[in-house]
Amino acid sequence: MTCDHPSRLLALYVIICATTRASYIGQGARDFEKKVSMLLEQEPENPKCFAQGRKDFTCFWADDEERAGSVDQYAFMYTYQNENSSRCPLRELRVPGGKRLFVCHLNQTQMFVQMDIQINWEGRLIHNRSLLIELTFLLDPPANVTVSRTGHQGQLNVTWVPPPLKYMDDSMMYEVSYAAEDSQVGQVQVAWASSMLILRGLLPGTKYKVRVRVKLDGISYSGYWSAWSDPVFVETPPAELDPLIVSLTVIISLILLVLSLMMLLSHRRFLMNKIWPAIPIPDSKFQGLFTVYDGNFQEWLGHTNGSLWLRPTYFYSEECPSPLEVLSELHLCTSLPSPPLPPKASRALSLGRKDDTKTGLEAREPLERGDSTQSDNWLMDRLRALHQHPIPCSQSSLLESQDTYITLSKNNHGEDKHSNDPLEETLPLEVLFTSRKTVLSESHSDLGSGSGHLSSQSSFEYPNHAGTSKGPGYTYMAVADSGVSMDYSPMSRLDDIGRVAIYAHDYKNEIPVHRGPFLQRQHSLHGDC
Amino acid sequence: MGNRRTYVPNGVDSVRGFVDTAMEFPRLLALLLIVLEWTLPVLPSPLRPICDLRVLDHFIKEARDAEVAMKACREGCSLSESATVPQTRVDFDVWEKQNSSQQADEVQSGLWLLQQALNLLRTSVTNTALHSHIDTSIRNLLSISGVLRSLNIQEYTPPASAADVEGTWRVSTATELLQVHVNFLRGKVRLLLMDAQACQQDVS
């Protein structure tokens, strides 16, 4: 028994060694076969030779079908520069595919010298080649290819172990091929004399296949590309939001928001006017209407005698307005005989009298040129009478007796060529009403609306006479071209000290201002006919 | 005369001014330095070792270009006489057994031989296009000698004639000469530079 154990152990040991060696040889053989098949494709010359290391050198060629000779019939002769020829022993090799190869293997080589190879078959030269051994390197692919993630997005770190060749580490160049798993097109990057490479610009969250191959750089040594190493599959880290970009985006959007808010606030009035334009209210024209009387017009009317109120009516724009004449403020007693009004004027007046509030008045009609002449004459007479007999009258007068007609003529800029306008402008109304010692002030205010031809209007402010009795109201009429017109209606003078404003819109009219012998303030309303 | 403030005619005792006495010491010092400069041998400053092999790779590329140009030459590019060139073969077993001084000696002698041969080629070749290549090669050989010097490899004292050198070949064509030139640079010179002690210390 004791003798059996060592022998059994020995047998076991031998078997293990043999299997491992066989596997190595098998691997070596497979590598060799791979190289051979690669050279068969790439190298056109015969014999195909390659060196695997500093001392290793292999040459082979495929058997020609025609010859079909045996290995003994071939002679492989090689000659170094300035040396004698030597013969290399051949061996036969069968490769998958049915080919027969003849292989010459040298264990000792001389580099940096020219080598001439001659292959003879049956004494005849069949192949001839001259080469330098250090230029025929065909190495094994790099081993231990590892791919790892770097800390950055879209990057992978590839490392490998270079082939163990002394003196040649710095002469090696590597090619790294990487492709996404599902795509057919791959990319290649070259590394020179280093054993690591960082791949950049990769897609996040993708699986990549990475391979490496090696070759000598061709300056001092040269050769063929090695076979690709076994592929390594690695997934790139998934896409993540760069915190820097996110924070920058947030900050910039906040800044923009703040800036826009500031702009809005600084221009809010302007923007509000644009978006939500304020509805104009006539509050400024009706003093106290909205504030005191809460919009109650009747009350306001009752309390503000003699104040002008306006009511928009629609006007025929084609109509030519006729001028109104303000002759005077006549405080006439009803006792004074008054000539009958010109028919049309009276009609107009009565019309105006009738309506208290809102009726459109075609006030222009009766005031045509001819009528105005007529009424002028009538008015002149009245005025003459007035001046002769200035009798205050407290009664509220009828229109007929207390007719004061305001002829308003006001020029547009440059349109009216009447030269009397400036004269009229300069005529103060005090001249007309000297007896009354009323101070008339003229104010111009602009109602300008609608057509552009409306320029200014003249307004008369009649301060109420303190202590005077109710004076006669006076009729007046202002006509505007814009569709906003004013009715005239009899208004009685105010007891209180109110201001009466007369507004007249200016509408173009070619009716010339009628000049009378009296100092009349004539303001004709001009409007576009 | 120059430093005197007042002109005194010759023969009259000169009155030495203040400036003259003050300048005496600097003058003596300057004279002393000049004399010392001449007499003392110039100490060479230690060279920085050139360990980057890309320099040699550049020379190799230029030598390859010269070889290619010579192969393409048809006339006016022959060697007038055969030249002695170093052997370029490298057997790694043999090479590794040699010590560094033997290797250096081999390289240095080879470089010297190549210099002689290239000079001969320069005079032999009449094709002007090749002159620039040959001149570049000669310049590069001198640069390589400088590189070797920077690596503290001892100077090579050339023998009396090329025949005295061991391990040489004879070439008779310009193409062969330039081929040997390229192979020598790629082989022995590069191996020597790679193994240089001065560079090894830097690496470690």
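The legends below describe several close-up views of a predicted model.

**View 1. Chain A as a whole.**
Chain A of this predicted model contains eight helices and 23 strands. Of its 529 residues, 45% are buried. When contacts in chain A between residues at least 6 apart in sequence are taken together, 68% of them join residues that are at least 24 apart.

**View 2. The interface between chain A and chain B.**
Here 24 residues of chain A are in contact with 23 residues of chain B, and the area buried between the two chains is about 2200 Å², with carbon and sulfur atoms giving 47% of that area. Phe112(A), Tyr167(A) and Ile219(A) together supply 35% of the area that chain A buries against chain B, which is more than any other three residues.

**View 3. Polar and charged pairs across the interface.**
Six salt bridges are counted between chain A and chain B, and one of them joins Lys55(A) to Asp93(B), whose closest N and O atoms are 2.5 Å apart. Between chain A and chain B there are also 11 residue pairs in polar contact, with both residues at pLDDT 80 or more. Sorted by class, the side of chain A that touches chain B is made up of nine nonpolar, nine polar and six charged residues.

**View 4. Strand S6 of chain A and its two partners.**
Strand S6 of chain A spans residues 99-106, and six of its eight residues are buried, so the strand is largely enclosed by the rest of the structure. S6(A) pairs with strand S2 (residues 57-62) of chain A in the antiparallel sense, over six bridges, and within this part of the view Cys59(A) stands opposite Cys104(A) in S6(A). Strand S5 (residues 90-95) of chain A is likewise joined to S6(A) by six bridges and runs antiparallel to it, with Leu101(A) in S6(A) as the bridge partner of Leu93(A). S5(A) and S6(A) form a hairpin with three residues between them, and Gly97(A), which lies in the turn, has a positive phi of about 115°. As background for viewing such strands, in a regular strand the side chains alternate between the two faces of the sheet.

**View 5. A buried salt bridge in chain A.**
Arg213(A) and Glu175(A) form a salt bridge in which the closest N and O atoms are 2.8 Å apart. The pair links distant parts of the chain, since Arg213(A) belongs to strand S15 (residues 207-216) of chain A and Glu175(A) to strand S12 (residues 172-180) of chain A, and the two residues are 38 residues apart. Both Arg213(A) and Glu175(A) are buried. Elsewhere in chain A, Glu43(A), Glu45(A) and Arg129(A) are linked in a network of salt bridges.

**View 6. Two salt bridges in chain B.**
The side chains of Glu106(B) and Lys188(B) meet in a salt bridge, with an N to O distance of 2.5 Å. Glu106(B) lies in helix H5 (residues 100-124) of chain B and Lys188(B) in helix H7 (residues 174-194) of chain B, so this pair ties together parts that are 82 residues apart in sequence. Glu106(B) is partly exposed, with a relative accessible area of 24%, whereas Lys188(B), at 6% relative accessibility, counts as buried. In the second salt bridge, the side chains of Arg149(B) and Glu155(B) meet at an N to O distance of 3.5 Å. Arg149(B) is partly exposed, with a relative accessible area of 42%, while Glu155(B) counts as exposed because its relative accessibility is 52%, and the cut-off for exposed is over 50%.

**View 7. The surroundings of Thr159 in chain A.**
Thr159(A) lies in strand S11 (residues 156-161) of chain A and, at 26% relative accessibility, counts as partly exposed. Leaving aside neighbours within four places in sequence, Thr159(A) is in contact with Asn144(A), Val145(A), Thr146(A), Ser195(A) and Met196(A). With Thr146(A) there is a polar contact between the two side chains, at 2.4 Å. Ala143(A) is 16 residues away from Thr159(A) along the chain, and the C-alpha atoms of these two residues are separated by 9.5 Å.

Terms used
Residues are numbered from 1 along each chain as its sequence is written. Chains are lettered from A and ligands numbered from 1 in the order in which they are written. This is a predicted model: local features need pLDDT of at least 70, side-chain atom pairs count only at pLDDT 80 or more; totals for chains, interfaces and linings use all residues. Side-chain values use heavy atoms; hydrogens and water are left out. Contact means heavy atoms within 4.5 Å. Buried area is the accessible area (1.4 Å probe) that two parts lose on being put together, summed over both. A salt bridge is a side-chain nitrogen of Lys or Arg within 4 Å of a carboxyl oxygen of Asp or Glu. A polar contact is a pair of N or O atoms within 3.5 Å; within protein, one must be able to donate a hydrogen and the other to accept it, and residues adjacent in sequence count only if both atoms are side-chain atoms. Ala, Val, Leu, Ile, Met, Phe, Trp, Tyr, Cys and Pro count as nonpolar, Asp, Glu, Lys and Arg as charged, and the others, Gly among them, as polar. Buried means under 20% relative accessible area, exposed over 50%, partly exposed in between (1.4 Å probe, protein chains only). Helices (H or I, at least four residues) and strands (E, at least two) are DSSP runs, numbered from the N terminus. Two strands pair if DSSP finds at least two bridges between them.
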